[in-house]
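Here is a short note for a colleague who is new to this structure. Please keep the model open while reading the points.

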Amino acid sequence: MGVKVLTILEDILGANAEKARRNQDQLDKHGILTVNVMSSPGAGKTSLLLQTISRLKQKARIGVIEGDVASTIDAENIKKQGVPVIQINIPGGCHLDANMIENALNNLPLGDIDLLLIENVGNLICPAEFALGEHKRVMLLSLPEGDDKPYKYPLMFTEADVVLINKIDLLPYMEFNIPAFHKAVTGLNPKAKILPVSCKTGEGLEDWFSWLLDEMRKMRRGGSVAC
Amino acid sequence: MHELGITQGILSIALEKANEVQASKVTKINLVIGELSGVVDECVQFYFDLLSKDTIAAQASLSFERTPNKLRCRSCATVFSPNNLDWACPNCHEAKIEIISGRECYVDSIEVD
């Protein structure tokens with residue numbers, strides 16, 4: 001047999017995207033609003049989750065999937081809040097993928113969860129490329145990281161439904177230009193909702209909680225809220 | 001940064017398609033990778049050599065076609081390639097853009113024996 005050229009035109013991450021769709025179907029079936037939380041390491045993802053659980057656990061049944069390269073520190077902190085949590089460790093890995101989420105879903109009490117928060121691995125590059133089956137993507141950027149990040153990591157900002165500017169209590173000590181950051185984010189992604197918050201002082205978090213509750217109401221009313 | 005996952009995807013697509021036509025060997029894999037995808041060619045090649053060992057795609061050559069990062073201005077529709085940190089439109093200077101090319105990441109074709 002001689003050399004034959006086969007035209008393929010297939011997305012390399014297509015298998016992940018397909019599995020993510022199946023995860024989302026399963027989450028839709030159970031009416032679970034699922035939020036993928038992404039940021040650099042240390043931007044405040046776990047603090048955001050802890051604040052969210054503490055404020056909303058009377059109003060919604062929350063579940064958590066924790067992604068980290070190593071350790072169960074985050075999962076243990078979440079567990080103390082009395083909500084179901086699955087820790088995924090990916091030695092040498094840089095992101096969660098749909099397959100890992102499928103396994104985690106098999107180990108969560110899906111019938112008893114209204115809101116699933118997925119804490120992705122701290123990284124501004126890879127997580128943006130891998131759909132998990134989430135309905136909404138939330139990105140945290142903390143003030144010390146600088147206002148130029150949308151230009152350096154454009155995909156992450158292009159994909160986000162909500163961008164939280166965390167550690168806003170540090171504003172008096174930082175050279176972070178909020179209007180310039182707004183302009184950069186909305187330039188890339190006009191639909192992104194930008195909320196300044198502090199997971200330490202609680203400033204601005206009411207807006208975040210309202211957004212979540214609103215999305216959960218939409219999910220209950222009309223099925224999937226995926227964009 | 002996530003070349004291992006990318007390479008697993010490339011190999012599994014190539015093996016599946018080669019298997020469908022009962023090929024005995026995959027000799028070349030043609031990839032289209034956008035500049036914004038952050039994929040490093042050498043790194044994919046390194047993983048590919050490891051993963052493809054003992055498959056019919058072992059020693060296949062990988063060809064990377066790079067698609068440039070192209071943006072379209074949402075104010076005046078000018079299409080341009082940004083440089084570094086400057087993503088503003090060269091025509092109207094607005095920084096309201098959409099990415100129209102540069103995110104590609106697919107297997108274009110394979111050559112089999």
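Are H1(A) and H4(A) roughly parallel or roughly perpendicular to each other? Point 2 takes this up.

1. Ground rules. This is a predicted model: local features need pLDDT of at least 70, side-chain atom pairs count only at pLDDT 80 or more, and totals for chains, interfaces and linings use all residues. Residues are numbered from 1 along each chain as its sequence is written, while chains are lettered from A and ligands numbered from 1 in the order in which they are written. Helices (H or I, at least four residues) and strands (E, at least two) are DSSP runs, numbered from the N terminus.

2. The helix pair. H1(A) and H4(A) are roughly parallel, because angles under 35 degrees count as such. Helix H4 covers residues 98-106 of chain A, and its axis crosses that of H1(A) at roughly 30°. The two axes come within 8 Å. Axes are lines fitted to C-alpha atoms, for helices over the stretch in contact, and angles run from 0 to 180 degrees between N-to-C directions. The crossing is left-handed: the near helix is turned anticlockwise from the far one by less than a right angle.

3. Residues between the helices. H1(A) brings Asn16(A), Lys19(A), Ala20(A), Asn23(A) and Gln26(A). They meet Ala98(A), Asn99(A), Ile101(A), Glu102(A) and Leu105(A) of H4(A). Contact requires C-beta atoms, placed from the backbone, within 7 Å. By class, this contact has four nonpolar, four polar and two charged residues. Ala, Val, Leu, Ile, Met, Phe, Trp, Tyr, Cys and Pro count as nonpolar, Asp, Glu, Lys and Arg as charged, and the others, Gly among them, as polar.

4. Leu27(A). This residue sits in H1(A), which spans residues 14-29. Leu27(A) counts as buried because it has 24 C-beta neighbours inside 10 Å; the cut-offs are 20 or more for buried, 12 or fewer for exposed, and partly exposed in between. Beyond its neighbours within four places in sequence, Leu27(A) contacts Ile32(A), Thr34(A), Leu116(A) and Gly133(A).

5. The sheet of chain A. Seven strands form an open, parallel sheet in the order E4-E3-E5-E2-E6-E7-E8. Strands E4 (85-89) and E8 (193-196) are the edges, each pairing on one side only. Pairing requires at least two DSSP bridges. From one strand to the next, the twist averages 20°.

6. Strand E7(A). Residues 162-166 make up this strand, and four bridges join it to E8(A). Five bridges link E7(A) to E6(A), which holds residues 136-142. Five of the five residues of E7(A) are buried. Val162(A), Leu164(A) and Asn166(A) point one way, Val163(A) and Ile165(A) the other. In a regular strand, side chains alternate between the two faces of the sheet.

7. The chain contact. Chain A and chain B each put 28 residues into it. On the chain B side, H1 (3-20), E5 (97-101) and E6 (105-112) each supply at least two residues. E6(B) gives the most, with eight. That side of chain B has 16 nonpolar, seven polar and five charged residues.

8. A pairing across chains. Strand E1 of chain A, residues 4-11, runs antiparallel to E6(B), and six bridges join them. Here Leu6(A) stands opposite Ile110(B).

Note on methods:
Two residues are in contact if their C-beta atoms, placed from the backbone, lie within 7 Å. Angles under 35 degrees count as roughly parallel, over 145 as roughly antiparallel, 65 to 115 as roughly perpendicular and the rest as oblique.
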